[in-house]
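Me: I am new to this structure and should like to understand the reasons behind the terms used to describe it. May I put some questions to you?

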Amino acid sequence: MFPRLWSCRRGVVSVEAALVFPVLILLVMGTMEFGMVIFTYSAMQSATREATRQVAVNFATAAEVTDEVEGRLPQWGAAAAEVLVTQSAPGNPEGNVTTVLVTLPASEATPVRFFTRFSDDWDLRTQVVMKQGPGDELASRIDSCGIHSRIEMS
């Protein structure tokens, strides 16, 4: 009876598919989630750099940085982002160095949360440090060029 069972080929494709499809689904879901985490990290870097630049060229204050960064992050990660702004000499534009540090838990960096749900022990972090430019001189150069509003990304 067993030799006859081994020689029968019916259902072999179904058994192979049942073994391969779960692994294939895990690979596809992992790739999608990893791509979204990388996208969120890239958006975090860009938002941090742009917000720090706006403080450095006197278009924004340090108090406005958190709203600027959260406004540029993907919707699924904006609320969980922690933004820390420090300035070396806030009253002295020529000697002021602004540092913006943004931290986001990896579990909040993607809307899928397929794999990151099980690994809450790592964060995405980005830090930008820029020296602030002189206030009045820079503002007069910008006005003479005809630029009157902040640069907005859509």
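Me: Leaving aside its neighbours within four places in sequence, which residues is V102 in contact with?

Reply: This is a predicted model. In it, V102 is in contact with M44, T48, V69, A81, E82, V83, L124, R125 and T126, once neighbours within four places in sequence are set aside. A contact requires heavy atoms within 4.5 Å.

Me: Which residues touch the most other members of the largest nonpolar core?

Reply: That core has 16 residues, and M44, V65, V69, L73 and V102 touch the most other members. Two or more residues are given to this core by each of α2 (12–56), α3 (65–72) and β2 (97–105). The largest share, five residues, comes from α2.

Me: Why is E50 called buried?

Reply: The term applies under 20% relative accessible area. E50 has a relative accessible area of 13%, so E50 is buried. Over the protein chain, 29% of the 154 residues count as buried.

Me: How do you know that the span of α2 agrees with what its 45 residues should give?

Reply: The expected span is 1.5 Å times one less than the number of residues. For the 45 residues of α2 this comes to 66 Å, and the end C-alpha atoms are 66 Å apart, so the two values agree.

Me: Where does α2 bend, and what follows within four residues?

Reply: The bend is at V20 and amounts to about 30°. A proline, P22, follows within four residues. Beyond the helix, α2 is followed by N58, whose phi is positive, near 65°.

Me: In what order do the elements of the protein chain run?

Reply: There are four helices and three strands. From the N terminus on, they run α-α-α-β-β-β-α.

Conventions: Residues numbered from 1 in each chain as written. Predicted model: local features only at pLDDT ≥ 70, side-chain atom pairs only at ≥ 80, totals over all residues. Heavy atoms only, no water. Core = buried A, V, L, I, M, F, W, Y, C linked by side-chain atoms within 4.5 Å. Buried < 20%, exposed > 50% of the residue type's maximum accessible area, 1.4 Å probe, protein only. Bend = angle between axes of the 7 residues up to and from the residue.
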